[in-house]
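Me: I am new to this structure and would like to go through it step by step. Could you take my questions in turn?

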Amino acid sequence: MSVHNRLILIKYGEISLKGANRGFFVKTLDKNIRIALKGFPGVTINHIQSRITISNVSQSDEAGVVERLAKVFGIVRIALAYETDPDMDSIQEIAAIAVGDSGANSFKVETTRADKRFPLTSPEISAQVGAYVLANAPGLVVDVRNPDFILHIELRKNAYVYYKQVECEAGLPLGTGGDGLVLLSGGIDSPVASYMIARRGMKMHGIHFHSYPYTSLQALEKAKSLAEILAVQNNGFVLYIVNLAKIQEAIAVNCNAPYFTILLRRAMYRIADMLAEQKGIGALVTGESLGQVASQTMEGMACSSAVAKKLILRPLVSFDKMDIVKIAKRIGTFETSILPYEDCCSIFTPKHPQIRPRIDRAQIEEDKIPNYLELLVAAFEEKDMAQFE
């Protein structure tokens, strides 16, 4: 009987192409895996050629470990694998064990021979293993075009045999892309924008604007709930909370109504820019989608963001609402986002908002507000903070 270990084999994609910087990406991914698995003491993490293995996982913990790993950015696929000695007798024996409980009718074998010292070629290994499995698993047939499952063999320092794989988040390891600050509303779009940028390796923080007492505390709690959901894949999430009620009152009293929405957006960008500068955050992230609402025309976005010094990222700019909703449902934010609590953008809303605002005209409107800079600074300095693990 061949000696073998059951383990979890982690595959990563883009990281393999990073050349001289690859070590930094792999090291960061390793750190994020360890954070994800901190609730499973005793597991062992090892690195082999272009792979990471997780061993010493109890059978009762296996499903939980897989669930946590599937949410780690940078992991493309997870395989529940058997590790054995790199010789044909061991590989064939373990292959028969691996497919013994599959319940399938057809299969094919695919081999990756990363260790070129192995005497047989990949097609020769696949053919011999396939023949052995057929002889020891009655009822199975080979189907190279449309099999019920593919039996994978990877030859590295040791041999790895598996047929069950879990598709994961892919992307880049969190923390390899700097820090971003998402303008987190209580709606559908901004949580999705935060997720999508985090998937490219950026550690996200959030800023939420509310207008209590014009908006309810339930609306604020909804934003906190969204931050808590985002924290799972973000290795924690810090949400800064800013009350814009006094600024909105000043805009409503002093400015022309068609510019209310644009002026509110500019105030948000100004305060978010202050926070990013204070915390050393490199970019602002929004859930804006071109043409979705009146303030999200090309002119509207240009006018709003003209006041910010930081880079602004809009990952949803070309998405339609159905695209965004689909992702929101998948990442678990949708049901919270649709709770019927109004946010600050829903108050003092003009009947006919300006859809093609001009930057110079917006500045003229802001100049009408007495002590406008002091209002912005006061709102910024009075911010609250909530932290989620």
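Reply: An open sheet of eight strands runs in the order β2-β3-β1-β4-β8-β7-β5-β6, with mixed pairing; strands (E, at least two residues) and helices (H or I, at least four) are DSSP runs numbered from the N terminus, and two strands pair if DSSP finds at least two bridges between them. This is a predicted model, in which local features need pLDDT of at least 70 and side-chain atom pairs count only at pLDDT 80 or more, while totals for chains, interfaces and linings use all residues. Residues are numbered from 1 along each chain as its sequence is written, and side-chain values use heavy atoms, with hydrogens and water left out.

Me: In which sense do β4 and β8 pair, and over how many bridges?

Reply: Within this pairing, tyrosine 82 stands opposite valine 161 in β8. The sense of the pairing between β4 and β8 is antiparallel, and the number of bridges is eight.

Me: How many residues apart in sequence are the parts that glutamate 167 and arginine 77 tie together?

Reply: The side chains of glutamate 167 and arginine 77 meet in a salt bridge at 3.9 Å, N to O, a salt bridge being a side-chain nitrogen of Lys or Arg within 4 Å of a carboxyl oxygen of Asp or Glu. Because glutamate 167 lies in strand β8 (residues 159-167) and arginine 77 in strand β4 (residues 75-84), the pair ties together parts whose separation in sequence is 90 residues.

Me: Is glutamate 288 buried or exposed?

Reply: Glutamate 288 forms a salt bridge with arginine 314 (2.6 Å, N to O). The classes rest on relative accessible area, with buried under 20%, exposed over 50% and partly exposed in between (1.4 Å probe, protein chains only). Arginine 314 counts as partly exposed at 22%, whereas glutamate 288, at 2% relative accessibility, counts as buried.

Me: How many salt bridges does a search of the whole structure find?

Reply: One network of salt bridges links Lys11, Arg51, Glu154 and Arg156, and another salt bridge joins the side chains of arginine 356 and glutamate 299 (3.6 Å, N to O). For the whole structure, the search finds a total of 21.

Me: In which helix does leucine 134 lie?

Reply: Leu134, Val142 and Val144 form a nonpolar patch on the surface, and leucine 134 counts as partly exposed at 35% relative accessibility. Such patches are made of residues with over 30% relative accessible area and no salt bridge, where like charges are joined within 9 Å and nonpolar side chains (Val, Leu, Ile, Met, Phe, Trp, Tyr) within 5 Å. The helix that holds leucine 134 is α4 (residues 122-136).

Definitions and conventions:
Areas by Shrake-Rupley, 256 points an atom, 1.4 Å probe, with all protein chains shown as cover.
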